[in-house]
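Colleague: I would like to go through the labels attached to this model and hear the grounds for each.

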Amino acid sequence: MALTDAGDVVTLTNGSAITVTVPTNASVAFPIGTQITLAQMGAGQVTVAGAAGVTVYSADSFLKLRTQYSSGTLIKTATNTWLLIGDIAA
């Protein structure tokens, strides 16, 4: 993820499973409140993971987009803390 992703929709078109890693604030200093939407356009399931020191919270601790054409939005809530909301699964 890069600063240019802030406020944008990142499309993921992989045929195989892919992991999107949320970087630390020291690596990419997104402002608190930043929102980034992820859209799974390919068949490969998208998993969201935090880099070492980054916490990603979500309902029921689900960190995967549910299926092809699902989307989820990452919202930065603190320095190294994000919230994932959307069409997510275990």
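Modeller: Contact here means heavy atoms within 4.5 Å. Keep in mind that the model is predicted.

Colleague: Then which residues is Met1 in contact with, leaving aside its neighbours within four places in sequence?

Modeller: By that cut-off, Met1 is in contact with Val20, Thr21, Val22, Pro23, Val28, Phe30, Ile36, Leu74 and Trp82. Met1 itself sits in the segment before strand 1. Its C-alpha atom and that of Phe30, 29 residues apart along the chain, are separated by 9.8 Å.

Colleague: Why is Met1 called partly exposed?

Modeller: Buried means under 20% relative accessible area and exposed means over 50%. Met1 has 28%, so it is partly exposed.

Colleague: What makes Gly42 buried?

Modeller: The relative accessible area of Gly42 is 6%, under the 20% limit, so Gly42 counts as buried. Gly42 lies in the loop between strand 3 and strand 4. Not counting residues up to four places away in sequence, Gly42 touches Leu12, Thr13, Asn14 and Gln68. Gly42 and Thr13 are 29 residues apart in sequence, yet their C-alpha atoms are 4.0 Å apart. Over the chain, 37% of the 90 residues count as buried.

Colleague: How many helices and strands does the chain have?

Modeller: There are 0 helices and 9 strands.

Colleague: On what grounds are strand 2 and strand 4 said to pair?

Modeller: Pairing requires at least two bridges, and strand 2 and strand 4 (residues 46-50) have 5, so they pair, in the parallel sense. Thr21 stands opposite Ala49 in strand 4. Strand 2 (residues 18-22) has a covered face of Ile18, Val20 and Val22, and an uncovered one of Thr19 and Thr21. In a regular strand the side chains alternate between the two faces of the sheet.

Colleague: And what makes strand 1 and strand 3 a pair?

Modeller: They are joined by 4 bridges where at least two are needed, so strand 1 and strand 3 (residues 35-40) pair, and they run parallel. The bridge partner of Val9 in strand 3 is Thr37. The open sheet of 5 strands has the order 1-3-7-8-5, with mixed pairing.

Colleague: Why are strand 1 and strand 5 called the edge strands of that sheet?

Modeller: Strand 1 (9-12) and strand 5 (55-58) each pair on one side only. Neighbouring strands of this sheet are turned by 25 degrees against each other on average, direction ignored.

Colleague: How do you know that Asp87 and Arg66 form a salt bridge?

Modeller: The cut-off is 4 Å between a side-chain nitrogen of Lys or Arg and a carboxyl oxygen of Asp or Glu. The closest N and O atoms of Asp87 and Arg66 are 2.7 Å apart, so the pair qualifies. The pair links distant parts of the chain: Asp87 is in the loop between strand 8 (81-86) and strand 9 (88-89), and Arg66 is in the loop between strand 6 (64-65) and strand 7 (71-78). A search of the whole structure finds 1 salt bridge.

Colleague: Are these two residues buried, exposed or partly exposed, and why?

Modeller: Asp87 has 27% relative accessible area, between 20% and 50%, so it is partly exposed. Arg66, at 48%, also falls under the 50% limit and counts as partly exposed.

Definitions and conventions:
Residues are numbered from 1 along each chain as its sequence is written. This is a predicted model: local features need pLDDT of at least 70, side-chain atom pairs count only at pLDDT 80 or more; totals for chains, interfaces and linings use all residues. Side-chain values use heavy atoms; hydrogens and water are left out. Buried means under 20% relative accessible area, exposed over 50%, partly exposed in between (1.4 Å probe, protein chains only). Axes are lines fitted to C-alpha atoms, for helices over the stretch in contact, and angles run from 0 to 180 degrees between N-to-C directions.
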